[in-house]
Amino acid sequence: MTIADQRTRDSLAWTERAACHDAPPDLFFPVSEFGVAEEQITEAKRVCARCPVHVDCLEHALSRGEASGIWGGTTEHERRHLRRRRGALRRTR
């Protein structure tokens with residue numbers, strides 16, 4: 001194993017403790033944010049709400065620019081909004 005491989009593995013160690021670890025991945029990747037998918041999003045967010053590492057998950061998604069799926073209890077739209085707010089805060093400092 002290379003040093004880069006070890007760093008990647010260490011940086012994702014939080015995923016082992018995630019509430020979604022054994023959940024079906026499809027639950028966290030709805031086809032849209034509307035209609036029937038709204039129920040799927042609600043259920044995924046329930047899993048995230050009880051997750052001990054949801055903050056790590058959200059930070060991972062924000063830092064990697066994850067464009068799809070539910071990460072850290074947020075939808076793609078919600079993460080886009082968070083990234084814009086963070087960018088605006090950085091520009092005002």
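Guide: A residue with under 20% relative accessible area is buried, one over 50% is exposed, and one in between is partly exposed. The model is predicted.

Visitor: Good. What does the secondary structure come to?

Guide: Four helices and zero strands. Along the sequence, the pattern reads α-α-α-α.

Visitor: How much of the protein is buried?

Guide: Buried residues make up 27% of its 93 residues. The protein exposes about 6,700 Å². Carbon and sulfur atoms supply 54% of that area.

Visitor: And the contacts? What share comes from residues 24 or more positions apart?

Guide: They account for 44% of the contacts with a separation of 6 or more.

Visitor: What about Cys48, where is its nearest cysteine sulfur?

Guide: On Cys57 again, 6.1 Å away. Cys48 is in no disulfide either.

Visitor: Is Cys20 buried, exposed or partly exposed, then?

Guide: Cys20 has 32% relative accessibility, so it counts as partly exposed.

Visitor: And Cys48, buried or exposed?

Guide: Cys48 is buried, because its relative accessible area is 11%.

Visitor: Cys48 is in helix 2. Which residues of helix 2 are buried?

Guide: Ala37, Ile41, Ala44, Val47 and Cys48. These five cover an arc of only 120 degrees around the axis, so they sit on the same side of helix 2.

Visitor: Which residues are exposed on the other side?

Guide: Glu39, Arg46 and Ala49 are exposed there.

Visitor: What covers the buried ones?

Guide: The cover for the buried residues of helix 2 includes helix 3, residues 54-64.

Visitor: How far does helix 2 reach?

Guide: Helix 2 spans residues 37-49, 13 residues in all. From first C-alpha to last, helix 2 reaches 18 Å, close to the 18 Å expected at 1.5 Å a residue.

Visitor: Switching to charges. How many salt bridges are there?

Guide: The count comes to three.

Visitor: Which residue does Glu43 pair with?

Guide: Arg46, with the closest N and O atoms 2.9 Å apart. Both lie in helix 2, three residues apart, about one turn of the helix. An α-helix has 3.6 residues a turn, so residues three or four places apart point the same way.

Visitor: Is Glu43 buried, exposed or partly exposed?

Guide: Glu43 counts as partly exposed, because its relative accessibility is 33%.

Visitor: What does Lys45 pair with?

Guide: Lys45 forms a salt bridge with Glu78, and their closest N and O atoms are 2.8 Å apart. This pair links distant parts of the chain, 33 residues apart. Lys45 is in helix 2, and Glu78 is in helix 4, residues 76-92.

Visitor: One bridge left. Which side chain does Arg80 meet?

Guide: Arg80 meets Glu76 in a salt bridge, 3.0 Å from N to O.

Visitor: How many residues separate Arg80 and Glu76?

Guide: Arg80 and Glu76 are four residues apart in helix 4, so about one helical turn separates them. Arg80 is partly exposed, with a relative accessible area of 31%. Glu76 is partly exposed as well, at 30%.

Note on methods
Residues numbered from 1 in each chain as written. Predicted model: local features only at pLDDT ≥ 70, side-chain atom pairs only at ≥ 80, totals over all residues. Heavy atoms only, no water. Buried < 20%, exposed > 50% of the residue type's maximum accessible area, 1.4 Å probe, protein only. Disulfide = S-S within 2.5 Å. Helix = DSSP H or I, 4+ residues; strand = E, 2+ residues; numbered from the N terminus. Expected span 1.5 Å × (residues − 1). Arc of directions from axis to C-beta. Contact = heavy atoms within 4.5 Å. Areas by Shrake-Rupley, 256 points an atom, 1.4 Å probe, with all protein chains shown as cover. Salt bridge = Lys/Arg side-chain N within 4 Å of Asp/Glu carboxyl O.
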